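Student: Could we go through this model together, one piece at a time? I would like to begin with the sheets and then move on to the helices.

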Amino acid sequence: MRITIPPYLQKGDTIGMVAPAGFMPIEKMQTCIETLDGWGYSVQMGTTTHSSSQNYFSGTDEERLNDLQQMLDDRKIKAILCARGGYGISRIIDKISFKKFRKHPKWIIGFSDITILHSHIFSNYKIASLHAAMAAAFNDGEFNNPYILSLKDALEGKPAHYECEVHAFNKTGVAKGQLVGGNLSLLAHVTGTGSDVKTRNKILFLEDVGEYLYNIDRLLLQLKRSGKLDRLAGLIIGGFTDNKDTERPFGKSTYDIIYEQVNDYDFPICFQFPVSHSKENYALKIGAKYKLSVTDKVSVLQEI
Amino acid sequence: MPSGIRSFSELVVITLGVTCELPETSKNRHTSVKNVFIPVNYCCKLWQEVFLVSPLVYFVQMDRKYFLGTAATLLAGTAVPLKKSYANNNDEELIYRKPPYLENGDSIGITSPAGFTTHMEIQPAMQVLQGWGYKIQLGNTIGKRDFTLGGTDEERINDLQTMLDDPKIKAIMCARGGYGSIRIVDQLNWTKFKLSPKWLIGFSDITVLHNHIHNNFQVASIHSKMTNSFPDDWNTADPIQIETIISIQDALAGKKIKYSVIPNTRNKWGNGEGILIGGNLKTIETLSGSTSDIKTDGKILFVEDTGEYLYSIDRMFWNLKRTGKLKNLKALLVGGFRVKPDDPGEEFGKTLEDIVLEKVNSYTYPVCFDFPVGHQKNNFALKCGVKHRLSVTEKEVTLTEII
């Protein structure tokens, strides 16, 4: 399947910033704006980034939809960075018009709830997008860390080459394929909908935050039972942070749970890859072709 | 494969003017494709050789890999990529079977397919069920524990399997929900159950079993309280506890269901008739895309959940909508949702009723809120896979079993 890679950014290009899901005060986006500015881009703030919303969302469905729509349609904007995830893409995804975006693709940047947008675009329009840090990750002096800088490199078109330490649960081997994935809960949530992703011959990556252990087990079983694990080229397990347990303990760690569910497959598997809700979160191009090489010394994910 | 076609299931063969979709084979890599008709008078390349297919319909049996290579050549330019119909929710042609109702002296098995339970905890239920004239057969998972589960997967499979296969057992009551049914559902052998169905009883995590047998075997089952909800002391129990437990007795004995509900002012009025199906909303979402996923066209859907944030409930209703499960319903029953309060500063700003109605406002079927089903005391027995009529008016809501 051919994938369209949106044009990489040039100095002076404009990045639009929107909040298509949860609310975020604009002060918390300041470092991100300054950093993007420092990288040589000008930042155009969407109306949802300075919203007067008093509830969970950064604006009504209509406001969030219009803001994102306007950014998608504006040809001057070369990339759209979602300031925050949270919850809200499900509510507007079927109302977004991708007509102009398909003709003039641009980079959509974000993760967590933005997984739905990535999956939807990949499945329906075969356009690559960027699973990467959002505004909050730039704060607390982190704007210069390797994970944030990986977003800079990605936008400039430098091919990714990420290394990560070995993990006892890894399965060695080499896989080549398009990269798909994101937040486990949301990949499960879009199963059976028009934003569902086909995973055959692809490298799948998963991460999640704040889930009950039993639910991680259930979500993996959903992926498995809907045929999404059967014929992967490779599997990347990122961070599963701030997990919760039930009153009666589940009795296994997250990685134990995942290992038990995927151990029978013969494709390479890399645990503890730096993609997560914590700062270890490399920019990953969904839809682009990568090579995953898992050995007993190191795991490498590189763009090819 | 021809460009634009993403998967095998999307290949469409045009045969003699008839369009047929090829079977979904994602479950088994080596599934052989049988009975594939190759278009008449088609020049095709088979095993590097060129054949002119005779005007007779060519009948082939071949394995998938071979077929794909062939099909790609054969169909280049003629195959039509269909937009996958994500919302295939129609099984209205199917006939649902009711297991035999129970007679005095029949046996009910009690097992733990999900969370663990102790011998002590099931005593009240045992006494009540025996008082109704039934024998109890205790599964060996009762009293077993593997952390939160009622025994290892193997132990839970074996126990439930024994009960499914034992012809003396006429109904199986699950001890409790929790989590675990999904871990064993694909390993169960349903051959004997299909031949001689029996009543499966439970709710919450047991939604996995209800939906699985509904979708695969079209057998009715009872969505109701389980052994952990029977009152310790019948004499001091709330009237509603007694009433809901009696509703299980009535359902097992074959008494037709008829429940009246106090109307919620936000109900949508109307009448609807259809097969009843549903259960725990989160569980229904996690079955999406699997073989246990329910089809809802022409049916009455009921949903309930507990301990979820409003945003999460909203997301789950979007899943129902986006998987096509709300579009062609005959009625929607919204049961109890013990909503987890929003975190400060994260107020969702919509009520449960708002969340539901915005998804279904364009549809004409009736919607009933506060239906007595869920993780609460007023959780009445419902027969999944059985035809019901729902009538919602300003003054009254009634759910009646018909046929």
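Student: In what order do the 7 strands of the open sheet in chain A run?

Tutor: The order is S6-S13-S12-S7-S8-S9-S10 in chain A, and the pairing is mixed. Strands here are DSSP runs of E of at least two residues, helices are runs of H or I of at least four residues, both numbered from the N terminus, and two strands pair if DSSP finds at least two bridges between them. Please keep in mind that this is a predicted model, in which local features need pLDDT of at least 70, side-chain atom pairs count only at pLDDT 80 or more, and totals for chains, interfaces and linings use all residues. Residues are numbered from 1 along each chain as its sequence is written, while chains are lettered from A and ligands numbered from 1 in the order in which they are written.

Student: What about chain B, what order does its open sheet of 7 strands have?

Tutor: In chain B the order is S12-S19-S18-S13-S14-S15-S16, again with mixed pairing, and the edge strands are strand S12 (258-261) and strand S16 (367-368) of chain B. Strand S18 (residues 387-392) of chain B runs antiparallel to strand S19 (residues 397-401) of chain B, with 5 bridges joining them, and B:Ser391 stands opposite B:Thr398 in S19(B).

Student: Which strands does helix H9 of chain B lie across?

Tutor: Helix H9 (residues 310-322) of chain B lies across strand S14 (299-309) and strand S15 (331-340) of chain B, at about 155 degrees to S14(B). Helix H10 (residues 352-360) of chain B lies across S15 and S16 of chain B, at about 145 degrees to S15(B). Axes are lines fitted to C-alpha atoms, for helices over the stretch in contact, and angles run from 0 to 180 degrees between N-to-C directions; two residues are in contact if their C-beta atoms, placed from the backbone, lie within 7 Å.

Student: Back to chain A, which residues of H6 are buried?

Tutor: In helix H6 (residues 146-156) of chain A, they are A:Tyr147, A:Ile148, A:Ser150, A:Leu151, A:Ala154 and A:Leu155, where buried means 20 or more other C-beta atoms within 10 Å of a residue's own, exposed means 12 or fewer, partly exposed is in between, and C-beta atoms are placed from the backbone.

Student: Why are they on the same side of H6(A)?

Tutor: Because they cover an arc of only 150 degrees around the axis, the arc being that of the directions from the helix axis to the C-beta atoms.

Student: How many residues does the contact between the chains take from each?

Tutor: It takes 28 residues from chain B and 30 residues from chain A. On the side of chain B that touches chain A, the largest share, 5 residues, comes from H9(B).

Student: What does the model score for confidence?

Tutor: The model scores ipTM 0.95 and pTM 0.87. Chain B averages a pLDDT of 84, with 78% of the residues scoring at least 70, where pLDDT is the predictor's confidence in each residue, from 0 to 100.
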